[in-house]
Amino acid sequence: STLFPYTTLFRSVGGDITFEVMSKGFAYFLDCMFGTTVTTGPADTAAYTHTAAVLSTTRGKSLTIQKLVPMSSGGAQPITYSGMKVTGWELSNDVDGILMLKLSHDGRQSSTSVATAAVSYPTAQELLTFVGGTVTIDGVVVANVRKASVKGDLKLNTSRRFIGPTALQAEPIEAGMSDIGASLDVDRKSTRLNSSHRPDLV
């Protein structure tokens with residue numbers, strides 16, 4: 001092995017980001033959450049349907065995230081996080097609320113040398129509010145929803161660091177099957193929920 005006159009430290013970044021789910025531009029996040037999604041629509045109700053393959057892999061899919069940090073001296077410093085893998089997620093909504101998405105990340109590195117990126121958004125975006133919230137099982141409405149949450153844990157190995165010249169970790173990959181669960185606070189409208197009840201559906 002080669003001796004170096006300095007000590008190399010492993011670098012990694014991570015954390016949670018929570019934001020509103022919009023009516024456009026959301027499909028890419030679904031791919032990072034599930035690996036493969038198929039979007040169809042709009043249907044007669046002007047709604048799109050996203051179908052996820054929960055056993056597919058997210059390998060090769062990551063995000064580059066940039067934030068601007070205000071400086072006391074004036075202006076803002078861009079910090080760019082690259083190789084950000086989604087390790088877990090939660091979709092939630094409640095009465096008087098907006099559909100929110102929390103993404104948990106484990107990333108490769110951060111940099112302050114990348115210039116501020118130009119921002120562009122899809123046109124005519126809309127927020128998804130509680131007004132459109134219903135719960136269905138096999139297409140049948142079973143409850144009025146006061147609060148709903150669906151969350152997933154991708155079970156990724158985030159400790160893939162190896163001997164070698166790079167201080168950066170390798171892409172996190174699956175260490176087990178994804179775990180997906182749901183929590184509902186409802187007024188029941190039928191007994192259909194009883195036959196569909198699972199211990200992780202409260």
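This report describes the pockets, the ring pairs and the salt bridges of one predicted model.

The second largest pocket has a volume of about 850 Å³, and its lining consists of 26 residues, with Phe19, Phe29, Val119, Ser120 and Tyr121 lying nearest the centre. Four elements, namely β1 (13–20), α1 (27–34), β4 (63–70) and β6 (100–107), each contribute at least two residues to this lining, and the largest share, 6 residues, is supplied by β4. By class, the lining of the second largest pocket is made up of 16 nonpolar, 7 polar and 3 charged residues.

Two of the residues nearest the centre of that pocket, Phe19 and Phe29, also belong to the aromatic pairs, of which the count comes to 3. The ring centres of Phe19 and Phe29 are 5.2 Å apart and the ring planes stand at 50°, so the pair is classed as tilted. Because Phe19 belongs to strand β1 and Phe29 to helix α1, this pair ties together parts that are 10 residues apart in sequence. Ring pairs join Phe19, Phe26 and Phe29 into a cluster. Phe29 itself has a relative accessible area of 24% and is therefore partly exposed, whereas the buried residues of α1 are Leu30, Cys32, Met33 and Phe34. Just after α1, Gly35 adopts a positive phi of about 100°.

A search of the whole structure finds 1 cavity of 30 Å³ or more, and the largest cavity holds about 90 Å³ of space. Its lining has 13 residues, and Met33, Phe34, Val54, Leu154 and Ser178 are the closest to its centre; the elements that give two or more residues to this lining are α1 and β9 (140–153). The lining of the largest cavity divides into 7 nonpolar, 4 polar and 2 charged residues.

Thr58, placed in the loop between β3 (49–52) and β4, counts as buried because its relative accessibility is 4%. Leaving aside residues up to four places away in sequence, Thr58 touches Asp31, Cys32, Met33, Phe34, Gly35, Lys85, Leu154, Glu171 and Glu174. Among these contacts, Met33, Phe34 and Leu154 are also among the residues closest to the centre of the largest cavity, while Lys85 and Glu171 form a salt bridge with each other.

The structure holds 4 salt bridges, including those set out below.

| Glu171 | Lys85 | 2.9 Å |

In the salt bridge between Glu171 and Lys85, Glu171 lies in the loop between β10 (156–157) and β11 and Lys85 in strand β5 (residues 76–94), so the pair ties together parts that are 86 residues apart in sequence. Glu171 is partly exposed at 30% relative accessibility, whereas Lys85 is buried, with a relative accessible area of 2%.

Asp185 counts as partly exposed at 33% relative accessibility, and Arg146 counts as partly exposed at 35%.

Terms used: Residues numbered from 1 in each chain as written. Predicted model: local features only at pLDDT ≥ 70, side-chain atom pairs only at ≥ 80, totals over all residues. Heavy atoms only, no water. 1 Å grid on protein atoms, 1.4 Å probe; cavity = no way out; pocket = protein on both sides within 12 Å on 5 of 7 lines; lining within 4 Å. Points joined across faces, edges and corners; volume = space filled by probe spheres on them. Nonpolar A, V, L, I, M, F, W, Y, C, P; charged D, E, K, R; others polar. Buried < 20%, exposed > 50% of the residue type's maximum accessible area, 1.4 Å probe, protein only. Phe/Tyr/Trp six-rings, centres within 6.5 Å; stacked < 30°, edge-to-face > 60°. Contact = heavy atoms within 4.5 Å. Salt bridge = Lys/Arg side-chain N within 4 Å of Asp/Glu carboxyl O.
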